[in-house]
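Please read them with the structure open.

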Amino acid sequence: MSRKRKKSELIDELIREFRVSGNQDDAFDNLAAQRLGVNETDLHCLNIIENAGGVTAGELAVESGLTSGAVTGVIDRLEKRGFARRVPDPGDRRRVKVEVTKAFYSRAGKIWGPVAADWASSLERFSGEQLEGFHQFLRTTNEITRRHLDRLREMR
């Protein structure tokens, strides 16, 4: 018979598994970047751009932690590969947004499509209530990380 674990033990295990997940994501992204012919920083920026449905260069700099000069280089490289493009910002014609292209989605679908399908079928076994709990957990960890990103940005 298994003993009931303490809440502190469960929290420690969750944190450990969350870190393992991050390490596996990094390893997967490293290989994905190689398959796309981009570096990991550029792939990270593609993820930010795609996830947000398009961003300004300034927003990309903040989200990625890169300088504005570095972001300009990233955008230039992504445009050259055909994975991103600059478009007028519909909310402010003086600004430019960066968005991913159909070419990126075509290549990305081959890399992440099977993973997304596997996630979807595997997560079906959980109840809606459990999935809500997972969602809350991830939102909470993201909020914590954002706070500490801000803290590290302010450290000198």
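1. Overall burial. Of the 156 residues in the protein, 21% are buried (under 20% relative accessible area; exposed is over 50%, partly exposed in between; 1.4 Å probe, protein chains only). This is a predicted model: local features need pLDDT of at least 70, side-chain atom pairs count only at pLDDT 80 or more, and totals for chains, interfaces and linings use all residues. Residues are numbered from 1 along each chain as its sequence is written, and side-chain values use heavy atoms, with hydrogens and water left out.

2. Fold. The protein has six helices and three strands. These are DSSP runs (helices H or I, at least four residues; strands E, at least two), numbered from the N terminus. Their order along the sequence is α-α-β-α-α-β-β-α-α. The C-alpha trace spans about 65 × 40 × 30 Å along its principal axes. Among contacts (heavy atoms within 4.5 Å) with a separation of 6 or more, 46% join residues 24 or more positions apart.

3. Helix α3. Residues 57-64 form α3, and its buried residues are L60, A61 and S64. They lie on the same side of α3, because they cover an arc of only 100 degrees around the axis. That arc is taken over the directions from the helix axis to the C-beta atoms. An α-helix has 3.6 residues a turn, so residues three or four places apart point the same way. The buried residues of α3 pack against α2 (40-52), β1 (55-56) and α4 (68-81). G65 follows α3, and its phi is positive, near 80 degrees.

4. Strand β2 and D89. D89 sits in β2, which covers residues 84-89. D89 is buried, at a relative accessible area of 5%. Its side chain makes a polar contact of 2.7 Å with the side chain of R95. A polar contact is a pair of N or O atoms within 3.5 Å; within protein, one must be able to donate a hydrogen and the other to accept it, and residues adjacent in sequence count only if both atoms are side-chain atoms. Beyond four places in sequence, D89 is in contact with T56, R95, V96 and K97.

5. The loops on either side of β3. G91 lies between β2 and β3 (92-100). G91 is exposed, with a relative accessible area of 72%. T101 lies in the loop between β3 and α5. T101 is buried, at 13% relative accessible area. The T101 side chain reaches the backbone oxygen of G82 at 2.5 Å. Leaving out residues up to four places away in sequence, T101 touches G82, F83, A84 and R85. The C-alpha atoms of G91 and K102 are 23 Å apart, with the two residues 11 apart along the chain.

6. The largest pocket. How much space lies in the largest pocket? About 2600 Å³. A pocket here is an open set of points on a 1 Å grid over the protein atoms alone, where a 1.4 Å probe fits, with protein on both sides within 12 Å along at least five of seven lines; lining residues have an atom within 4 Å of a point. Grid points are joined across faces, edges and corners, and the volume is the space filled by probe spheres set on the points.

7. The pocket lining. The largest pocket has 49 lining residues, with F18, S21, D25, L138 and N142 nearest its centre. The elements giving two or more residues to this lining are α1 (7-36), α2, α3, α5 (102-123) and α6 (128-154). The largest share, 13 residues, comes from α6.
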